[in-house]
Amino acid sequence: GTVIADGELKDLTLPEVAAWLCTFINEANRFKDPEAKDLPVPSANLEQAWAAAFELAQEFNVELDKTLGLHMLDWCLHKNIARIKIRPSMLGIFVKAVAQDVAFIDTLQEVLLGM
């Protein structure tokens, strides 16, 4: 099954959905940083959604990383770019990720509300 169809996102907040979506942005693996500090602690629901996505990704030999998602979660919760501790060269990718998330969520709302 798929993560969304299996209901893994139903108990997530909007910031958590935005964080989860970042996992699938092409540049997400460039944010991989095992030493990243001061990132928010994801809820059990978000961890469960990520675990389901990572399990499905393994079936297709795709490597996912949640570091960009944790930065997105921090941004959504605090709206303070100074809290986003990334290399300056990655700032453009982060801004692009925010724009992609917003566009996807807007499109999803249109589709679901139009049903």
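Tutor: Phe-94 has a relative accessibility of 1% and therefore counts as buried; buried means under 20% relative accessible area, exposed means over 50%, and partly exposed lies in between, with a 1.4 Å probe and protein chains only. This is a predicted model, in which local features need pLDDT of at least 70 and side-chain atom pairs count only at pLDDT 80 or more, while totals for chains, interfaces and linings use all residues. Residues are numbered from 1 along each chain as its sequence is written, and side-chain values use heavy atoms, with hydrogens and water left out.

Phe-94 sits in helix α4, residues 91–113. Helices are DSSP runs of H or I with at least four residues, strands are runs of E with at least two, and both are numbered from the N terminus. Leaving aside neighbours within four places in sequence, Phe-94 is in contact with Phe-31, Leu-68, His-71, Met-72, Trp-75, Ile-81, Ile-84 and Ile-86; contact means heavy atoms within 4.5 Å. Cys-76 is 18 residues from Phe-94 along the chain, and their C-alpha atoms are separated by 12 Å.

Now the helix itself. From its first C-alpha to its last, α4 reaches 33 Å with 23 residues, close to the 33 Å expected at 1.5 Å a residue; the expected span is 1.5 Å times one less than the number of residues. Besides Phe-94, the buried residues of α4 are Ile-93, Ala-97, Val-98, Asp-101 and Ile-105. Their cover includes α1 (14–22) and α3.

The salt bridges come last. A salt bridge is a side-chain nitrogen of Lys or Arg within 4 Å of a carboxyl oxygen of Asp or Glu, and by this rule there are 3.

One joins Asp-74 to Arg-83, with the closest N and O atoms 2.7 Å apart. Asp-74 is buried at 2% relative accessibility, whereas Arg-83 is partly exposed at 33%.

Another joins Glu-47 and Lys-66, at 2.7 Å from N to O. Glu-47 lies in helix α2 (residues 44–59) and Lys-66 in the loop between α2 and α3 (67–78), so this pair ties together parts that are 19 residues apart in sequence. Glu-47 is partly exposed at 30%, and Lys-66 is partly exposed at 26%.

Lys-10 and Asp-11 also form a salt bridge, their closest N and O atoms being 3.2 Å apart. Here Lys-10 is exposed, with a relative accessible area of 64%, and Asp-11 is partly exposed at 46%.
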